[in-house]
Amino acid sequence: MTLFHFFNCAILTFGPHAVYYSATPLSEYDTLGTSIKAALVYLGTALVKLVCLATFLKVSENDSFDPYQELLKALIGFIDVAGLYFALTQLTHRNISQNHKYQAVGLGWAFADSVLHRLAPLWVGARGLEFTWDFILQGLEANANLVFSISLAALGSLMWLRKNKPKTLIPIIYACAGIVATMPSITSYLRKGLGWHFPKVVGFELFTSLVMAFISWQLFSACQRPSS
């Protein structure tokens, strides 16, 4: 029963990444190499973030919300944006369209994040004797993170690769990218500052990820229309 619970949680956590790759044109255009490169860039970015967090943040004795510490975390979190910039603009990709490139990069980025942050807790915790909803909620959170990662990659693609975008949309693109990039700090404030429980935070992440995905899709579609 414990292994069954582990496999269920693992499929919920990592299965949507495989489904997204297979169900979209990414598999037809063989963009797996792009996703693997993006995953490696994420691992390098995560290492840089870990060094910065260990250097500049002090260990808190309690789990209370510290505005200064959270602001510093948010600034360090923008290293992810730099990593995405490198993955989108500096890596060599196959001859694929901009539309497929940002999806492949976002997919690899999200998968590497899930493996790094959720595989070990699943293996240790979901195999326990007592059933808990926390690991199912972690799987749902990984799905929200997948949507966030692809949305941020889409917005980054518009910022750095799309030259002829409408000037009126530029502030909206940057504002949405800033919201997605600071989402970890926002959820941290909800948990520590407002005292939200984990299920409520996950529900907020799922809802916000769908909203940001819709906005990113609308912005991407608007920037692809020929200018009149």
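The model is predicted, so local features need pLDDT of at least 70 and side-chain atom pairs count only at pLDDT 80 or more, while totals for chains, interfaces and linings use all residues. Residues are numbered from 1 along each chain as its sequence is written, and side-chain values use heavy atoms, with hydrogens and water left out.

**Stop 1: the largest pocket**

Select Lys49, Asp80, Asp113, His117 and Pro184. Of the 34 lining residues, these lie nearest the centre of the largest pocket. A pocket here is an open set of points on a 1 Å grid over the protein atoms alone, where a 1.4 Å probe fits, with protein on both sides within 12 Å along at least five of seven lines; lining residues have an atom within 4 Å of a point. The volume is about 1200 Å³. It is the space filled by probe spheres set on the points, which are joined across faces, edges and corners.

Now colour the helices. Those supplying at least two lining residues each are α2 (32–56), α3 (67–77), α5 (98–125), α6 (134–160), α7 (170–181) and α8 (183–193). Helices are DSSP runs (H or I, at least four residues), numbered from the N terminus. The lining holds 15 nonpolar, nine polar and ten charged residues. Ala, Val, Leu, Ile, Met, Phe, Trp, Tyr, Cys and Pro count as nonpolar, Asp, Glu, Lys and Arg as charged, and the others, Gly among them, as polar.

**Stop 2: the second largest pocket**

Select Tyr20, Tyr102, Ile150, Ala213 and Trp217, which lie nearest the centre of this pocket among its 14 lining residues. It holds about 240 Å³ of space. Helix α9 gives the most to the lining, with six residues.

**Stop 3: the cores**

Select Tyr102, Leu155, Ile173 and Leu219. They touch the most other members of the largest nonpolar core, which has 39 residues. Helix α6 gives the most to this core, with ten residues. A core joins buried Ala, Val, Leu, Ile, Met, Phe, Trp, Tyr and Cys residues through side-chain atoms within 4.5 Å. Another core, of six residues, lies apart from it and includes Phe6, Phe14, Leu122 and Phe135.

**Stop 4: Val201**

Go to helix α9 and pick Val201. Val201 is buried, with a relative accessible area of 0%. Buried means under 20% relative accessible area (1.4 Å probe, protein chains only). Beyond neighbours within four places in sequence, Val201 contacts Thr187, Leu190, Arg191 and Trp196. Contact means heavy atoms within 4.5 Å.

Methods
Buried < 20%, exposed > 50% of the residue type's maximum accessible area, 1.4 Å probe, protein only.
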